[in-house]
Amino acid sequence: MKILVMSPKGGVGKTKISLGLASVAHKRGKSVLAIDFDDQNSLDTTLRGIDDIDNAAGHPRELMDAIEQTGDDHDVVIFDVRPGSEYTKEYLQAAKHVDFTVVPIQHDGEAILSAEYMVDQFLDEGVQNFGVVMNSVLPNEKHLSKVREKMADLSGPELQWPMLDSILQFRTVWGHITFARDRSKTLIHHHKDGKAKAEIEALYDEIVSKIGGGSR
Ligand SMILES: Nc1ncnc2c1ncn2[C@@H]1O[C@H](COP(=O)(O)OP(=O)(O)OP(=O)(O)O)[C@@H](O)[C@H]1O
Ligand SMILES: [Mg+2]
């Protein structure tokens with residue numbers, strides 16, 4: 001199962017979500033490879049020295065090669081990319097060849113506007129296996145209901161964005177999706193607070209069910 005995490009806007013949670021999905025897949029007993037296509041290499045750096053999840057890094061232009069060449073040795077491969085429109089062509093092509101593309105956005109006009117261009121291209125090109133997820137939603141009812149309204153708007157008959165049902169709230173506890181070392185081996189575990197964990201697990205499950213039960 002190959003999952004691409006991309007967004008035109010920076011800082012919306014791609015790397016966090018990539019790590020979270022990798023972590024959930026690992027917890028579900030899958031062998032996981034996470035590849036960092038952002039030259040800031042934050043995913044690669046975080047995972048370096050963590051034995052439980054294989055990791056690699058590459059340039060966005062190598063994305064298609066990586067998609068073609070991976071998957072035989074791992075059940076789940078996660079591709080985390082850099083933001084921006086420079087590699088739109090590469091991302092569009094990649095989206096056609098992975099099992100699912102997650103596009104995180106945040107609930108502000110700018111983030112939604114910058115995602116619009118990409119989402120429109122996906123839709124124009126007939127890419128269907130992608131979903132937009134709201135990230136960093138403030139954990140209060142007022143904001144949550146505003147976000148739900150926006151999601152209904154975006155997925156409504158006019159815009160038809162494929163919004164995912166999963167919502168990721170702003171949770172500082174995400175920082176505690178931690179990696180602990182135990183001499184020769186390394187362990188990955190979630191913080192005891194079940195909320196962030198439940199959210200990222202729900203997102204993983206939603207993606208898997210969209211792919212069609214894919215237990216590859
Ligand atoms: N749901 C969340 N709750 C709390 N903090 C979050 C959440 N999602 C992301 N963050 C924080 O927001 C910042 C940006 O997240 P992240 O690095 O994952 O974004 P990105 O899209 O990968 O950024 P870039 O475009 O620069 O690669 C990080 O400090 C991250 O810890
Ligand atoms: Mg990133």
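This is a predicted model: local features need pLDDT of at least 70, side-chain atom pairs count only at pLDDT 80 or more; totals for chains, interfaces and linings use all residues.
Trainee: Which strands does helix 7 (residues 194-211) lie across?

Mentor: First, how to read the labels: helices (H or I, at least four residues) and strands (E, at least two) are DSSP runs, numbered from the N terminus. Touching means contact, with C-beta atoms, placed from the backbone, within 7 Å. Here, helix 7 lies across strand 1, strand 5, strand 6 and strand 7 and runs at about 165° to strand 7. For such angles, axes are lines fitted to C-alpha atoms, for helices over the stretch in contact, and the scale goes from 0 to 180 degrees between N-to-C directions.

Trainee: How many helices and strands does the protein chain have, and what is the order of strands in the open sheet?

Mentor: There are seven helices and nine strands. For sheets, two strands pair if DSSP finds at least two bridges between them. Seven strands form an open sheet here, in the order 3-2-4-1-5-6-7 with parallel pairing. Strand 3 (53-57) and strand 7 (163-169) are the edges, each pairing on one side only. On average, neighbouring strands are turned by 20° against each other, direction ignored. Helix 1 (residues 14-27) packs on this sheet, touching strands 1 to 6, and its direction makes about 170° with that of strand 4.

Trainee: How many bridges join strand 2 to strand 4?

Mentor: Six, between residues 32-37 and residues 76-81; Ala34, for instance, has Ile78 as its bridge partner in strand 4. Val5 shows both sides: its partner is Asp80 in strand 4 and Val102 in strand 5.

Trainee: Are the residues of strand 1 buried or exposed?

Mentor: A residue is buried if 20 or more other C-beta atoms lie within 10 Å of its own, exposed if 12 or fewer, and partly exposed in between. In strand 1, Lys2 and Leu4 point one way, Ile3 and Val5 the other, and all are buried. Over the chain, buried residues make up 41% of the 216 residues.

Trainee: Why does Asp108 count as exposed?

Mentor: Because it has 11 C-beta neighbours inside 10 Å. Asp108 sits in the loop between strand 5 and helix 5 (109-124).

Trainee: Which residues have the most contacts inside the largest nonpolar core?

Mentor: In soluble globular proteins, nonpolar side chains tend to be buried together. A core here is a set of buried Ala, Val, Leu, Ile, Met, Phe, Trp, Tyr and Cys residues joined through C-beta atoms within 7 Å. The largest has 57 residues, and those with the most contacts are Ile3, Leu21, Ala34, Ile78, Phe79, Val103 and Val132. Ile3 touches, among others, Leu21, Ile78 and Ile207.

Trainee: And which residues come nearest to ligand 1?

Mentor: Being near means a C-beta atom, placed from the backbone, within 6 Å. Of the 19 residues around ligand 1, Gly10, Gly13, Lys14, Thr15 and Lys16 come nearest. Helix 1 gives the largest share of the shell, three residues.

Notes. Residues are numbered from 1 along each chain as its sequence is written. Chains are lettered from A and ligands numbered from 1 in the order in which they are written. Two residues are in contact if their C-beta atoms, placed from the backbone, lie within 7 Å. Lists of a residue's contacts leave out its neighbours within four places in sequence.
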